[in-house]
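Dear colleague,

My findings follow directly after it.

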Amino acid sequence: MTVPDTQANFVRHERCDNCGSSDANARYDDGHAYCFGCETYTPSEEGEKPNGGASPTTQLQTTSAPEQKALLSGETKAIPARRLTEESCQKFGYMTGMHNGQPVQIAVYRDDKGKPVAQKMRNASKQFQIVGNGKNLRLFGSHLWSKGRKLTICEGEIDAITVSQIQNHKWATVSLPSGAPSAVKAIQNNWEYLEGFDEIVLMFDMDDQGQKAAQAVAEILPVGKAKIAKLPMKDANECLLSGKSGAIIEAIHQAKSYRPDGIVAATDLRDVICVDEAASSISYPYSALDTVLRGVRRQEMVVILAGSGVGKSTFVREIAHHLHSHGQKLGMLMLEESTKRTMLGLVGIELSKNITIDRSQATDDEVLAGFDAMTGDGQPLLHLYDGFGSNDIDHICSRIRYMVSALGCDVIVLDHISILVSASEGDERRMIDYACTKFRTLVQELNFTMLMVSHLRRPDGDRGHEAGASVRLSQARGSHSIAQLSDACIAIEVDIDDPDSNIRHLRVLKNRFTGQTGDAGTLVFNRDTGRLLEEGLAHLLQQGENETNENEENPTFQ
């Protein structure tokens, strides 16, 4: 997770226009904002005021200088709605009082000598307001414990009081002054205090915002000192209200030491060490190619390389149809064609009729029957992306994440990365590096297969790829990262002796799994059926088609 590197102070929670969260967007006193839900950074506008433009229902206000001198008075008593006892509230100095005619709860913040310096008020609508000096606040409750073996840090004051109460106030428990949005800054501001404890348990809220903040905090604490607790409910107080106090104690004692992403204990691999990755149950539709690559595996990024007009889209549609017919859920981002044309191409493969070029080859009933055969009850889901919307790289990445995480797609097809990069401003090489790195990270993180088409740079000399020139890895358009970050690279080449024929040769240029590269079969495009099939099967089908279509005009490759 990337947390804003800022010295600014958190001001309020706001709605995020990008992801729609009602409170994940954090506004800071220098005017910039950062959403901890979708990780969108919004720079400050020139002349923007720290509190300008905020909704009165979400604004966390700071007081003027005269008001800072006068802290509120209140009453310390039990809070039955939270099941907090009077003793617990008394220990933390947590009060109830009135402010602007409304009842509020008051959390008192103190300096290193225990003197009150600020108060954070919370009303019934969860609106927050600070009086006093709200800059660089110490952790709430830190005046109660100066050092010790274990410290639990919660996200909010009520949770800190809850955790302490359940432990009979015997173990150090504090909370962040401004919640998850400013967690890292709060830890940095209280670094000297935290050094007094041997072990720090982070018990932040169990929502995405809280867990991302816990990860970010754990990354900056000394190695081996941070642990992250997991609760069965959103926060500690919810556990208390639901009668699950024991789960809080269990979460503290079973909190796992933070381990940075990418570091794996060898003992964690025992359950998978005997699983044969070569025994992939999902094959490619072409036997020779499948023999070389040994099946389709998750967490692999496979790149298809070919010259212009050679048949890359036809090739990936054949693979997509094959995978879908074998139970794989697909997400297809075909950026150079409409979703209707993509679906028509897949239905054409289902019917073995080239209906994208010659719609008269099939009746409406036949087309609908083919469509229903692919999308009807019991068939794996198929999702298409409207490529005529935004093709910004980050936007495409978010759609891929949604397709995999929310829709359950097993395979993502992207055709093609070149048009994606051309839609973005900046140096093409750098943009392709950026895109490939993002895709590689998503493939690994979300555990899916990605098939990605890439255009080629024109080779030196007069002969282009469409005229029979061999494809090399170094010719991937724009950047070497396409070859470096992919797991497999498949080249489609026309026949060097007859470039205008329907013959296409496959060569594997990279194979991270076994290292085997080289020839991977010959395909023949049948212009009547629109199918790109292995040579032997294509010839058999061609003989049958020739008997009925001798005089039909030949459509072209797609």
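**Aromatic cluster**

Phe92, Tyr109, Phe140 and Trp145 are linked into a cluster by ring pairs. Rings of Phe, Tyr and Trp (its six-membered ring) pair if their centres lie within 6.5 Å; planes under 30 degrees apart count as stacked, over 60 as edge-to-face and the rest as tilted. This is a predicted model, in which local features need pLDDT of at least 70 and side-chain atom pairs count only at pLDDT 80 or more, while totals for chains, interfaces and linings use all residues. Residues are numbered from 1 along each chain as its sequence is written, and side-chain values use heavy atoms, with hydrogens and water left out.

The ring rule gives a count of 5 aromatic pairs. Phe92 and Trp145 form a tilted pair, because their ring centres are 6.1 Å apart and their planes stand at 55 degrees. Phe92 belongs to helix 2 (residues 86–92) and Trp145 to the loop between strand 9 (128–132) and strand 10 (148–154), so this pair ties together parts that are 53 residues apart in sequence. Helices (H or I, at least four residues) and strands (E, at least two) are DSSP runs, numbered from the N terminus. Phe92 is buried at 0% relative accessibility, and Trp145 is buried at 12%. Here buried means under 20% relative accessible area, exposed over 50%, and partly exposed in between (1.4 Å probe, protein chains only).

Tyr109 and Phe140 also form a tilted pair, with 5.4 Å centre to centre and 55 degrees between the planes. This pair links distant parts of the chain, 31 residues apart: Tyr109 is in strand 7 (residues 102–110) and Phe140 in the loop between strand 9 and strand 10. Tyr109 is buried at 2% relative accessibility, as is Phe140 at 1%.

**Helix 11 and its surroundings**

Helix 11 (residues 339–351) has 13 residues and reaches 18 Å from its first C-alpha to its last, close to the expected 18 Å; the expected span is 1.5 Å times one less than the number of residues. Its buried residues are Thr342, Met343, Leu344, Gly345, Leu346, Val347, Gly348 and Ile349. These pack against helix 10 (312–325), strand 16 (330–334), helix 12 (364–375), strand 17 (382–384) and strand 23 (531–534).

How do helix 11 and helix 12 pack? Their axes are 9 Å apart, at an angle of about 95 degrees. Helix 11 is therefore roughly perpendicular to helix 12, a label given to angles of 65 to 115 degrees (under 35 is roughly parallel, over 145 roughly antiparallel, the rest oblique). Axes are lines fitted to C-alpha atoms, for helices over the stretch in contact, and angles run from 0 to 180 degrees between N-to-C directions. Contact means heavy atoms within 4.5 Å. Among the residues making this contact are Met343 and Leu344 of helix 11 and Gly370 and Phe371 of helix 12.

**Positive phi values**

Ser352 is partly exposed, at 28% relative accessibility. Asn100, in the loop between strand 6 (94–99) and strand 7, has a positive phi near 55 degrees. Asn100 is exposed, at 68% relative accessibility.

**The chain as a whole**

The protein chain contains 17 helices and 23 strands. Of its 558 residues, 49% are buried.

With kind regards
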